[in-house]
Amino acid sequence: IRIGLETTRPQRQAETGGKVRNSDFLEAMESLIKAGFSESEIGTYLFFGLPGQSIDEVIEGIKFVKSSGSLVNLVEYSPIPGTVMWNELESERIIKNNIDPLLHNNSVFFRKYSGISEDELQYLKQSAR
């Protein structure tokens, strides 16, 4: 089972479309565990590298997901052309409208624009295990 939580910060949840709230996630986890799924069978997608996202925010999310009884699946953020976040990145002149599509590939975008170092990335991955 894979759940897309993305972030645990309520404000960021609202800013990214309000698809899932922490309470929704916890309710889903409770139902899955009650149905007999184990931690090794449940993974939760958690973004890192969102514009303005701190390492502390990601660590907070990792701890929250782990405490719920789920594995953490870290996912590098990359913008999708035409979305609100894409338009904000353009208006803040972080990216250009005609950016090469290769640069919004998740691995490339993250390394070029997130501000997270390779050491911090390894720390996040270690924390998620």
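Is Arg 9 buried, partly exposed or exposed, and what is its relative accessible area? Arg 9 is partly exposed, with a relative accessible area of 30%; buried denotes under 20% relative accessible area, exposed over 50%, and partly exposed the range in between, with a 1.4 Å probe and protein chains only. The legends below place this residue and others in context.

The model is predicted, so that local features require a pLDDT of at least 70 and side-chain atom pairs count only at pLDDT 80 or more, whereas totals for chains, interfaces and linings use all residues. Residues are numbered from 1 along each chain as its sequence is written, and side-chain values use heavy atoms, with hydrogens and water left out.

**Figure 1. Overall fold of the protein.** The protein comprises six helices and three strands, in the order β-α-α-β-α-β-α-α-α from the N terminus. The radius of gyration is 15 Å, close to the 14 Å that the globule rule gives for 129 residues, so the protein is as compact as a globular protein of that length. Helices (H or I, at least four residues) and strands (E, at least two) are DSSP runs, numbered from the N terminus. The radius of gyration is taken over C-alpha atoms, and the globule rule is 2.2 Å times the number of residues to the power 0.38. Along the principal axes, the C-alpha atoms fill a box of roughly 50 × 30 × 25 Å.

**Figure 2. Burial, contacts and surface of the protein.** Of the 129 residues, 39% are buried. Where contacts (heavy atoms within 4.5 Å) join residues at least 6 apart in sequence, 66% of them link residues at least 24 apart. The mean positions of the 14 positive and 18 negative charges lie 2 Å apart. In this count Lys and Arg are positive and Asp and Glu negative, with His and the chain ends not counted; each charge is placed at NZ of Lys, CZ of Arg, CG of Asp or CD of Glu.

**Figure 3. Salt bridges of Glu 57.** The structure holds five salt bridges, each defined as a side-chain nitrogen of Lys or Arg within 4 Å of a carboxyl oxygen of Asp or Glu. Glu 57 forms one of them with Arg 9, the closest N and O atoms being 3.9 Å apart. Glu 57 lies in helix H3 (residues 55-68) and Arg 9 in the loop between E1 and H1, so this pair ties together parts that are 48 residues apart in sequence. Glu 57 also meets Arg 12 in a salt bridge, at 2.7 Å from N to O. Because Arg 12 belongs to helix H1 and Glu 57 to helix H3, this second pair ties together parts that are 45 residues apart in sequence. Glu 57 is buried at a relative accessible area of 4%, and Arg 12 is buried at 10%. Through shared partners, salt bridges join Arg 9, Arg 12, Glu 57 and Glu 60 into one network.

**Figure 4. The salt bridge of Asp 24 and Arg 21.** The closest N and O atoms of Asp 24 and Arg 21 are 3.2 Å apart in this salt bridge. Asp 24 is partly exposed, with a relative accessible area of 32%.

Figure 5. Glu 6 is found in strand E1 and has a phi near 75°, a positive value in a residue other than glycine. Glu 6 counts as buried, at 19% relative accessibility. Thr 8 lies in the loop between strand E1 (2-6) and helix H1 (10-15) and is buried, with a relative accessible area of 5%. Leaving aside residues up to four places away in sequence, Thr 8 touches Gln 13, Asn 22, Glu 60, Gly 61 and Phe 64.

**Figure 6. Surroundings of Leu 74.** Leu 74 lies in strand E3 (residues 71-76) and is partly exposed, with a relative accessible area of 23%. Leu 74 and Phe 47 are separated by 27 residues in sequence and by 5.9 Å in space, C-alpha to C-alpha. Not counting residues up to four places away in sequence, Leu 74 touches Leu 46, Phe 48, Val 58, Ile 62, Leu 124, Lys 125 and Ala 128.

**Figure 7. Val 84 in helix H4.** Val 84 has its place in helix H4 (residues 84-91) and is exposed, with a relative accessible area of 56%. Val 84 and Gly 17 are 67 residues apart in sequence, with 9.4 Å between their C-alpha atoms.
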